[in-house]
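Please read the following report alongside the sequence and the model.

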There are 2 protein chains.
Amino acid sequence: MKIPDRVVICEVGPRDGLQNEDRILTVDEKVMLVEKAAEAGFKVIEVGSFMHPGAVPQMATTDEVFKKIKRIEGVEYRALIGNARGVERAMACGCSKVKLNVSACREHNLANLNMTPGESVARFKESTLLARANGLDISGSISMPFGSPWQRHIPIEDIKSIIEAYLDLGITEISLSDASGMSMPSQVYDVCTRLMEDYPGVKWILHFHNTRGMGIANILAAVEAGITWFDASFGGLGGCPFVPGAAGNVVSEDVIHMFEEMGTETGIDLDRAIEVARLVRNLVGHELPGFVLKAGKNSDLLKQ
Amino acid sequence: MKIPDRVVICEVGPRDGLQNEDRILTVDEKVMLVEKAAEAGFKVIEVGSFMHPGAVPQMATTDEVFKKIKRIEGVEYRALIGNARGVERAMACGCSKVKLNVSACREHNLANLNMTPGESVARFKESTLLARANGLDISGSISMPFGSPWQRHIPIEDIKSIIEAYLDLGITEISLSDASGMSMPSQVYDVCTRLMEDYPGVKWILHFHNTRGMGIANILAAVEAGITWFDASFGGLGGCPFVPGAAGNVVSEDVIHMFEEMGTETGIDLDRAIEVARLVRNLVGHELPGFVLKAGKNSDLLKQ
């Protein structure tokens with residue numbers, strides 16, 4: 001069983017978690033969460049998104065949050081964008097890393113936009129050029145590569161077309177985002193193994209939701225394939241865009257707890273990560289799905 | 001990644017789940033759950049235990065439940081026992097498979113009983129002889145082999161002493177039960193690999209709790225080591241004996257969903273298993289931790 005020496009856990013709760021909440025946090029609350037995540041040791045934090053505020057009102061203040069956060073050297077503060085307008089907003093508020101996203105599902109994209117996902121990515125050229133001309137880093141995400149409500153299995157050739165479209169734009173950091181929570185470990189292992197072989201120059205980030213309880217098992221399957229970068233959300237905040245009330249992203253502190261217990265360094269202080277999850281729970285005002293948050297760490301159980 | 005053609009999921013909710021509930025189910029309710037689990041296709045069901053009713057009042061009616069259940073040919077209906085009195089009760093109510101249990105933790109056993117776990121197992125001789133003389137099958141369980149509140153890591157030699165004590169009694173079906181929920185996939189893989197090599201004649205059953213969210217990942221790690229029998233509980237009913245309010249056993253229908261999605265046969269009808277979990281939720285009167293119970297199956301999400 002392959003257990004890596006080190007993994008990187010990216011905290012996506014401020015974006016993928018909070019955008020699912022009824023209560024919209026204030027700018028100061030968001031700033032506090034981002035700062036505390038950075039202090040806990042997260043080296044990558046997805047602070048928010050620059051989508052249209054009408055579409056995602058929870059993220060309407062992302063610009064202000066970026067302006068206010070006190071940054072820690074070496075931490076990457078990134079944001080999700082939809083188009084070149086997002087790059088402009090990022091530039092204006094000091095966000096230096098943006099992420100684009102496209103659905104892996106050809107049928108979905110054809111029905112909605114009358115073009116293939118690869119053609120959608122090609123349209124990201126304007127955003128990419130603008131970002132690069134202004135010194136911003138840019139990465140690409142592919143959502144639902146392991147299945148979507150329109151297609152249980154996405155053909156590997158469809159995923160490869162999207163990757164190649166990203167590579168054509170010079171984008172070499174690519175997230176695979178199981179937003180529908182349909183992925184299964186054997187599939188994750190097979191897809192990751194294949195893609196890592198075919199595109200050795202890509203930096204992969206895997207993003208799992210815990211919709212059907214498979215988040216941590218899928219991370220392990222990806223680890224077996226050689227992946228070491230993972231998104232996760234404090235307390236497991238978030239949801240499935242297709243299933244009201246479903247569990248959210250895989251839980252940051254549970255993932256950290258597992259890796260640290262297995263001897264894999266995360267660079268994150270677990271106690272401080274748990275503190276952040278508690279804070280989130282108070283701010284959103286409801287229980288969160290995190291397991292360690294409820295049961296404590298293994299070491300808490302040990303009698304003195 | 002090793003994915004087996006077939007696994008066996010043992011339903012332990014009627015015992016390990018219900019014994020954690022405040023509301024004590026009636027005999028008829030328990031009978032209904034056991035019968036519906038068998039109808040769903042579970043081939044092994046832990047119906048209850050024959051411990052002292054003062055110690056575990058939820059299980060006081062196990063004898064009556066055994067007398068009332070309509071059995072399906074080929075299904076194993078088993079019960080947990082503590083000593084020879086349990087064998088007598090099993091015989092009297094028509095239970096033909098009993099399971100003994102001992103803590104893997106030497107310090108725990110020494111402190112409580114002033115003997116090693118291996119010595120405790122040797123004391124099971126009376127139960128074993130009585131069971132065998134009366135045609136009952138008997139199996140042995142080892143709780144907390146992956147860590148206990150008294151010892152984070154149980155030396156492999158300590159686990160082997162217990163296994164050898166069971167083998168000395170002629171007991172060759174052995175459960176490893178992570179009641180404290182402390183196990184981690186790398187550890188599960190290592191311990192299982194080692195034990196399977198050293199004791200090729202043993203039939204292993206792995207029993208995981210989801211206390212810290214690791215249940216399904218641990219099952220996968222055990223699968224990688226070659227294990228194919230697993231305990232699970234409907235809806236994830238149960239708890240951690242050391243952590244009030246913690247999550248229970250790994251969730252039967254989530255485990256079935258995973259295996260069936262990966263092409264591994266379980267012999268269980270997932271829809272009927274989900275029906276049983278819904279019934280359990282109604283009977284205990286509170287939400288259960290099962291993920292598929294909340295989010296539905298992957299196939300439910302597919303647009304027609």
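## Terms and origin

Helices and strands are taken here as DSSP runs, helices being H or I over at least four residues and strands being E over at least two, and they are numbered from the N terminus. Residues are numbered from 1 along each chain as its sequence is written, while chains are lettered from A and ligands numbered from 1 in the order in which they are written. The model is predicted, and for that reason local features need pLDDT of at least 70 and side-chain atom pairs count only at pLDDT 80 or more, whereas totals for chains, interfaces and linings use all residues.

## Loop residues of chain A

M144(A) lies in the loop between β5 (137-143) and α8 (156-168) of chain A, and its phi is positive, about 65 degrees, although M144(A) is not a glycine. A residue is called buried if 20 or more other C-beta atoms, placed from the backbone, lie within 10 Å of its own, exposed if 12 or fewer do, and partly exposed in between. M144(A) has 25 C-beta neighbours inside 10 Å and therefore counts as buried.

G94(A), in the loop between α4 (84-93) and β4 (97-103) of chain A, is exposed because 12 other C-beta atoms lie within 10 Å. Two residues are said to be in contact if their C-beta atoms, placed from the backbone, lie within 7 Å. Leaving aside neighbours within four places in sequence, G94(A) is in contact with F66(A) and K67(A).

## A loop and a helix in chain B

In chain B, N114(B) is found in the loop between α5 (106-113) and α6, and its phi is near 55 degrees, a positive value in a residue other than glycine. N114(B) has 8 C-beta neighbours inside 10 Å and so counts as exposed.

S120(B) belongs to helix α6 (residues 117-122) of chain B and is partly exposed, since 18 other C-beta atoms lie within 10 Å. Not counting residues up to four places away in sequence, S120(B) touches V102(B), N109(B), L113(B) and M115(B).

## Two helix pairs

Axes are lines fitted to C-alpha atoms, for helices over the stretch in contact, and angles between N-to-C directions run from 0 to 180 degrees. The axes of α2 (residues 27-40) and α12 (residues 270-284) of chain A come within 9 Å and cross at roughly 165 degrees. Angles under 35 degrees count as roughly parallel, over 145 as roughly antiparallel, 65 to 115 as roughly perpendicular and the rest as oblique, so α2(A) and α12(A) are roughly antiparallel to each other. Among the residues of α2(A) that meet α12(A) are L33(A) and A37(A), and those on the α12(A) side include V276(A) and L283(A). The residues of this contact divide into eight nonpolar, no polar and four charged, where Ala, Val, Leu, Ile, Met, Phe, Trp, Tyr, Cys and Pro count as nonpolar, Asp, Glu, Lys and Arg as charged, and the others, Gly among them, as polar.

In chain B, the axes of α9(B) and α10(B) come within 8 Å and cross at roughly 30 degrees, which means that α9(B) is roughly parallel to α10(B). Residues of α9(B) including V188(B) and C192(B) meet residues of α10(B) including A217(B) and A221(B), and the contact comprises nine nonpolar, two polar and one charged.

## An enclosed helix and the chain contact

Eleven of the eleven residues of helix α10 (residues 215-225) of chain B are buried, so this helix is largely enclosed by the rest of the structure. Its buried residues pack against α9 and α10 of chain A, together with α9 (185-198), β7 (203-208), β8 (229-232) and α11 (252-261) of chain B. After α10(B) comes G226(B), with a positive phi near 110 degrees.

Between the chains, 43 residues of chain A are in contact with 43 residues of chain B. On the side of chain A that touches chain B, α10(A) gives the most, with five residues, and by class this side has 26 nonpolar, ten polar and seven charged residues.
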